[in-house]
Amino acid sequence: MENQSSVKILSEWDIVAARQLGRNIAKELGFGTVDQARITTAISELARNIYLYAGQGEIQFEPVNEFEKRGLKVTAVDHGPGIQDIRRAMEDGFSTSGGLGAGLPGVKRLMDEFDLITSLGEGTTIQVVKWLRDRRFG
Amino acid sequence: MENQSSVKILSEWDIVAARQLGRNIAKELGFGTVDQARITTAISELARNIYLYAGQGEIQFEPVNEFEKRGLKVTAVDHGPGIQDIRRAMEDGFSTSGGLGAGLPGVKRLMDEFDLITSLGEGTTIQVVKWLRDRRFG
Amino acid sequence: MDFKQILESSYREILRRYIEESSEAALYQGQMFSRKSIKQQISPEEIISIHCKVLKDLYPDIREEILASFDFLIEFMMNYGLAYQEHQSLRDKQFEIKSEIEIAASIQENLLETPIPKLEEVDIGALSIPAKKINGDFYRFVEDGKSISIAIADVIGKGIPAALCMSMIKYAMDNLPKCRNNPNDVLTNLNRVVESNLDSSMFITMFYGIYDFNKHSFTYAAAGHEQGFYYHASSQSFEDLETRGMVLGVEPNITYEQYEKKVKPGDMIVLLSDGVTESRTENGFIERSVITDIIQSTMHLSAQEMVENIYRQIERLQNFEIRDDFTLIIIKRV
Amino acid sequence: MDFKQILESSYREILRRYIEESSEAALYQGQMFSRKSIKQQISPEEIISIHCKVLKDLYPDIREEILASFDFLIEFMMNYGLAYQEHQSLRDKQFEIKSEIEIAASIQENLLETPIPKLEEVDIGALSIPAKKINGDFYRFVEDGKSISIAIADVIGKGIPAALCMSMIKYAMDNLPKCRNNPNDVLTNLNRVVESNLDSSMFITMFYGIYDFNKHSFTYAAAGHEQGFYYHASSQSFEDLETRGMVLGVEPNITYEQYEKKVKPGDMIVLLSDGVTESRTENGFIERSVITDIIQSTMHLSAQEMVENIYRQIERLQNFEIRDDFTLIIIKRV
Ligand SMILES: [Mn+2]
Ligand SMILES: [Mn+2]
Ligand SMILES: [Mn+2]
Ligand SMILES: [Mn+2]
């Protein structure tokens with residue numbers, strides 16, 4: 001797809017690269033500062049999860065249009081071990097206060113849409129979307 | 001006591017006066033900006049409680065020394081209805097998120113020491129102390 | 001050196017780097033570092049204060065008004081800081097309650113544990129999965145050589161209150177007077193126990209059946225419980241196990257109707273709680289015909305394999321979100 | 001106009017006022033306003049962003065580096081914002097569990113409710129106060145015309161798990177075989193029930209006594225339970241009700257020693273749970289002699305007034321923080 005761009009996650013430095021690319025695209029699409037920071041934080045989490053738990057994977061970016069809405073879709077793909085206990089991974093209260101970062105519930109909060117497909121031994125794909133708000137705010 | 005100063009709470013304006021006096025004394029004693037703000041926020045809560053629930057009362061200020069520690073003691077006195085259920089008044093989770101402000105658990109957190117005496121129909125006295133930290137910080 | 005000093009000097013370095021390079025790497029570093037400051041329970045207003053201090057160091061000629069604006073921001077953030085500290089304390093309490101509930105769940109499991117009988121005459125499978133940690137469904141087998149009695153119950157309500165009721169029902173059942181031969185008498189008796197012991201907001205639905213090995217008859221009665229299925233091997237068709245009867249705990253004196261089925265070889269009795277039939281998918285409730293289709297698809301398996309396989313199929317249909325306790329029992333005449 | 005627009009314009013006005021006047025009134029106004037923004041679930045990073053925007057409007061010549069520093073601060077605050085949002089969601093869950101626990105507590109109260117017998121021969125008072133919502137202590141009276149049996153028990157552990165155990169013990173007691181005449185047999189029997197039904201981490205201490213109205217004798221036995229007191233009216237002195245016996249639930253086959261006291265007019269039996277004697281004050285545990293002093297100070301009252309008065313005295317001694325369930329029974333021969 002011509003509108004798609006991506007960053008391979010192999011080392012911690014690639015997390016920064018993914019953040020940078022994501023932020024640039026978000027800025028171009030017209031997201032405000034706070035939303036840029038939210039998108040970047042979500043990318044950070046997704047990329048870090050790949051780096052820490054799957055070893056390697058990819059973060060893909062794609063501008064999306066749906067009726068009158070415009071937004072940015074971020075997809076994190078890995079072929080790692082998959083998530084054992086989804087209910088628990090989506091549970092609040094474990095990651096943030098322990099200093100472990102936003103975790104998946106955090107990513108879900110930062111973005112507007114969240115979708116997760118995982119199977120043990122085969123890997124995980126997480127797709128999130130942030131929509132542009134009518135007024136540019138924040 | 002010569003070192004004691006106080007503000008009568010009769011109207012909402014007196015809350016501001018109590019804050020102002022408390023902040024001035026805190027500044028003189030050498031508290032940093034953040035601690036000044038904490039003390040002022042606690043005073044605000046105490047004075048507002050008096051204004052809202054007891055109608056009138058007083059906020060007293062007194063510099064205190066204890067061994068090598070120096071600090072500021074704030075006492076809120078009223079002759080209102082008293083607190084029915086202390087356990088509940090000290091419980092978390094009711095005030096802050098409902099936008100009601102810090103509440104008594106908040107006051108306790110903002111300060112270093114907290115003491116409460118209440119009796120139904122006779123009123124409430126709350127005494128709090130903030131100690132100066134060795135290094136001036138925040 | 002305490003954490004606040006480290007925080008201040010690190011913050012200064014990272015911020016200086018960011019302002020010089022305006023690099024993404026510095027922002028990433030900042031965000032990683034903020035996790036540490038959260039872990040060390042540094043409040044947001046302290047971060048603002050440090051930010052202001054660092055700016056003043058980096059730009060000694062900064063306007064007084066800008067600096068003053070930070071005092072305002074600190075004051076504004078104070079309530080946020082308190083909400084955030086409250087968060088820490090709520091989290092601790094939450095963990096305490098969580099571990100209490102886990103202990104309660106394991107006590108309950110112990111208490112309600114009932115081995116699934118292995119018999120020559122019938123093949124039995126049973127499975128009960130709670131929606132939350134604590135199960136409000138309950139099943140029980142009692143075997144006496146010539147017959148086996150089967151109870152399946154569902155407390156209205158979930159969680160802790162349901163657990164309390166369940167342990168009561170368990171004791172009531174263990175201490176039934178000698179009326180085990182008639183399911184309707186058992187329900188009448190239990191109804192009286194529930195009615196007199198539980199407050200009026202608690203109800204229990206129950207199905208009680210007795211399988212007689214000699215006569216191969218199944219007598220049963222039910223108190224407002226979800227209807228089961230009867231599978232006729234001869235016609236390869238399912239029939240609803242129709243029953244009438246008031247839920248337990250509403251009125252003290254109630255009699256129940258009793259029903260009987262002659263069980264032929266290959267026939268099958270399916271008992272369940274409404275957590276099975278009221279499985280909700282994105283498109284609404286599952287039809288009972290979907291359940292019988294699923295059962296039919298597993299018919300080649302043993303009874304225990306059947307209930308487990310059926311559970312997995314229904315769990316998937318529900319997108320892995322179980323909203324009600326799920327209990328399923330299958331009794332097959334060999 | 002949505003709240004964010006109001007927030008931005010109000011923030012600008014109040015901040016402008018503060019910078020102009022540097023007045024306490026403006027800070028107070030800011031703090032009041034921050035409550036609204038918390039109520040509207042505005043995150044801290046949004047506040048920072050608004051602050052930056054307002055500064056830029058007020059000081060168009062502000063240095064680029066200062067503005068850039070706010071981008072960094074927003075990034076840094078992001079994790080704080082998330083912790084804060086998590087707080088909201090934890091709070092909601094907390095309320096849900098809280099209401100579940102309240103329902104459970106009321107079910108338990110219903111379940112365990114035991115009227116305090118009114119008799120001519122003896123004056124009885126009883127009180128049980130849970131430390132949290134759910135009581136892990138338990139007492140029960142059964143009267144049969146010629147005697148009254150009194151049980152008092154304490155589950156090791158508090159809260160929900162204790163509640164489950166209590167309801168089990170209640171059913172076990174209601175269904176005791178006919179061995180009510182001997183407290184030691186009752187305990188042997190209950191020990192077997194507890195041992196076989198509860199997991200090995202749960203224990204229960206219990207005191208069981210029978211007061212015979214004809215002989216005015218009090219026979220009793222105890223399973224690891226806190227010692228009560230016996231008050232001799234003749235000498236106006238207290239004696240410990242010494243007992244030996246293993247807590248319930250450790251080993252399946254245990255026998256208990258049985259004791260007997262001849263009760264004279266004016267004599268008094270005081271039964272309690274360790275929540276009474278292990279009351280902790282700032283200066284450590286209360287001595288048992290403090291308890292007997294308190295009892296003595298209330299002796300002019302009726303038994304029920306006594307237990308209530310004693311509770312209030314001990315509650316005050318503990319600074320209104322009850323750390324363990326508190327149960328106290330007083331039986332006075334008239
Ligand atoms: Mn249920
Ligand atoms: Mn159900
Ligand atoms: Mn206990
Ligand atoms: Mn105890």
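**Notes on the predicted model**

1. B:Q36 sits in helix α2 of chain B, which covers residues 33-54. The model is a predicted one, and the points below should be read with that in mind. The relative accessibility of B:Q36 is 8%, and because the cut-off for buried is under 20%, the residue counts as buried. Leaving aside residues up to four places away in sequence, B:Q36 is in contact with B:R23, B:A26, B:K27 and B:F31.

2. Chain C as a whole contains nine helices and twelve strands. Of its 334 residues, 59% are buried. Counting contacts in chain C between residues at least 6 apart in sequence, 71% link residues at least 24 apart.

3. How many residues of strand β3 in chain C are buried? Nine of the nine, residues 147-155, are buried, so the strand is largely enclosed by the rest of the structure. In a regular strand, side chains alternate between the two faces of the sheet. In β3(C), C:S147, C:S149, C:A151, C:A153 and C:V155 point one way, while C:I148, C:I150, C:I152 and C:D154 point the other way, and all are buried.

4. β3(C) has antiparallel pairings with two strands of chain C, β2 and β4. With β2(C), residues 137-143, the pairing runs over seven bridges, and C:R140 has C:A151 as its bridge partner. These two strands form a hairpin with three residues between them, and C:G145 in the turn has a positive phi of about 95 degrees. With β4(C), residues 204-212, there are nine bridges, and C:D212 of β4(C) stands opposite C:S147.

5. In chain D, five strands make an open sheet in the order β1-β12-β9-β6-β7, with antiparallel pairing. Its edge strands are β1 (122-129) and β7 (237-241), each of which pairs on one side only. From one strand to the next the twist averages 15 degrees. β6(D), residues 228-232, is joined to β7(D) by five bridges in the antiparallel sense; D:Y231 has D:F238 in β7(D) as its bridge partner.

6. Two helices of chain D are placed against these strands. Helix α8 (residues 288-297) lies across β6, β7 and β9 (268-272), at about 50 degrees to β6(D). Helix α9 (residues 303-317) packs on the sheet and touches β1, β9 and β12 (326-333), its direction making about 35 degrees with that of β1(D).

7. Helix α4 of chain D runs over residues 64-112. At 1.5 Å a residue its 49 residues should span 72 Å, which agrees with the 71 Å between its end C-alpha atoms.

8. Which residues coordinate the manganese ion that is ligand 3? They are D:D154, through OD, and D:V155, through O, at 2.1 to 2.3 Å. D:D154 also bridges this ion and the manganese ion that is ligand 4, the two ions lying 3.5 Å apart. Both coordinating residues are buried: D:D154 has a relative accessible area of 5%, and D:V155 has a relative accessibility of 2%.

Conventions:
Residues numbered from 1 in each chain as written. Chains lettered and ligands numbered in written order. Predicted model: local features only at pLDDT ≥ 70, side-chain atom pairs only at ≥ 80, totals over all residues. Heavy atoms only, no water. Donors = N, O, S within 2.8 Å, 3.2 Å for Na, K, Ca; no water. Buried < 20%, exposed > 50% of the residue type's maximum accessible area, 1.4 Å probe, protein only. Pairing = 2+ DSSP bridges. Helix = DSSP H or I, 4+ residues; strand = E, 2+ residues; numbered from the N terminus. Axes fitted to C-alpha atoms, helices over the stretch in contact; angles between N-to-C directions. Contact = heavy atoms within 4.5 Å. Expected span 1.5 Å × (residues − 1).
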